[in-house]
Amino acid sequence: YDLRNEDLKELQELGQGNLGSVKKVEHTPSGKIMALKIVHTDAKPSVQKQILRELQVMHDCHSDYIISFYGAFLADSNICICMEFMDKGSLDRIYKKNGPIDIDIVGKVALAALEGITYLYDVHRIIHRDIKPSNILCNSAGQIKICDFGVSGQLLNSIAESFVGTTTYMSPERIQGAHYTVKSDVWSLGISLVELALGRFPFLDSSSDSDLSDNPEGHPQGKRKSKSKGGRLQDGGMSVLELFQQIVNEPAPRLKPEGRFPRVAQEFMDYCLFKDPQVRWAPNDLLKHKWIDHARTETIDLEAWTSTF
Ligand code: ADP
Ligand code: MG
């Protein structure tokens, strides 16, 4: 596609992130429906051009588990990224609307995300860096794919300052300043999978009276918020600092209560959530875990599942 801003017709706003917004658009010359991500930057023109060059790597990323890339361009001082539109949206919205996701479907999510992470790393040496339920998308064909991976070092640099609020999936070693490795993605995946299965973000406000960690329903004290731009309050109503302290100092979240989930799923999450990255399993090893074997052969109809919302 030869993409130009004037050829894109806005159909619908899909969401706002920390960095900008995402819209459903039609590329009028071809009739192709796309998702357009608009990232605001104050970067110098030379830096913006470098970002565009770096984004071109995405043209070479071809996997059933990775969102397709159609191209990127500059418009005003925005970086515009055109990608595959996923008509059933992101998993955070899906569980917030429909409640906890069935553990066998979470198994399919784990399989797809691990395949995507492994593809990016083994083939392109790309570490995703932002695994979370809003970056795992699905469509009505029953496909599950990951998006928004960190291909452009310059883009990561230029957004670093505004990069608050998505820190909640950060691994203990990252919070403590260690280098990013693919094991940090595994931690973020573990947190995301526990969140989908429980239907809530697994860290809780420890200052609240009741410990709801065994409550299958619950949104802690009704305030399941919040995407505050200042990054002060996170999901569960905690400040970022409290959350960081919990991630670093407290035992990792687990799939609980005992008995509600298959042991093998619980074990898998535990292996993703070892706090020591040396001990934590790598994506390649996790792909050989029994629960993933089970997910591969499990014949749930994901297309039928997506037709329920
Ligand atoms: P975040 O991932 O932090 O929520 P984004 O700006 O990346 O912020 O995306 C905003 C929302 O737009 C996402 O939560 C998701 O629901 C939706 N979205 C993003 N990309 C796509 C896509 N390719 N197809 C459909 N919906 C998308
Ligand atoms: Mg995103």
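Biologist: A residue counts as near a molecule or strand if its C-beta atom, placed from the backbone, lies within 6 Å of it. How many residues surround ligand 1?

Modeller: This is a predicted model, in which local features need pLDDT of at least 70 and side-chain atom pairs count only at pLDDT 80 or more, while totals for chains, interfaces and linings use all residues. Residues are numbered from 1 along each chain as its sequence is written, whereas chains are lettered from A and ligands numbered from 1 in the order in which they are written. The closest to ligand 1 are Gly15, Gly17, Ala35, Ser90 and Ser134, and the number of residues around ligand 1 is 20.

Biologist: Which strands each supply at least two residues of that shell?

Modeller: By class, the shell around ligand 1 has nine nonpolar, eight polar and three charged residues (Ala, Val, Leu, Ile, Met, Phe, Trp, Tyr, Cys and Pro count as nonpolar, Asp, Glu, Lys and Arg as charged, and the others, Gly among them, as polar). Among the strands (DSSP runs of E, at least two residues, as helices are runs of H or I, at least four, all numbered from the N terminus), those that each supply at least two residues of the shell are β1 and β5.

Biologist: Which strands stand at the edges of the open sheet?

Modeller: Five strands, paired antiparallel, form this sheet in the order β1-β2-β3-β5-β4 (two strands pair if DSSP finds at least two bridges between them). One side of each edge strand is left without a neighbour in the sheet, because each has a single partner strand, and these strands are β1 (8-16) and β4 (69-75).

Biologist: What is the bridge partner of lysine 37 in β5?

Modeller: Strand β3 covers residues 32-40 and runs antiparallel to β5, residues 78-84, with seven bridges joining the two. In β5, the partner of lysine 37 is isoleucine 81.

Biologist: Is proline 45 buried or exposed?

Modeller: Proline 45 lies in helix α1, a helix that spans residues 45-55 and lies across β4 and β5 (two residues are in contact if their C-beta atoms, placed from the backbone, lie within 7 Å). A residue is buried if 20 or more other C-beta atoms lie within 10 Å of its own, exposed if 12 or fewer, and partly exposed in between. Because proline 45 has 9 C-beta neighbours inside 10 Å, it counts as exposed.

Biologist: With which residues is alanine 113 in contact, leaving aside its neighbours within four places in sequence?

Modeller: Buried residues make up 39% of the 309 residues in the chain. Beyond its neighbours within four places in sequence, alanine 113 is in contact with Ile131, Ile136, Ile146 and Leu189.

Notes
Axes fitted to C-alpha atoms, helices over the stretch in contact; angles between N-to-C directions.
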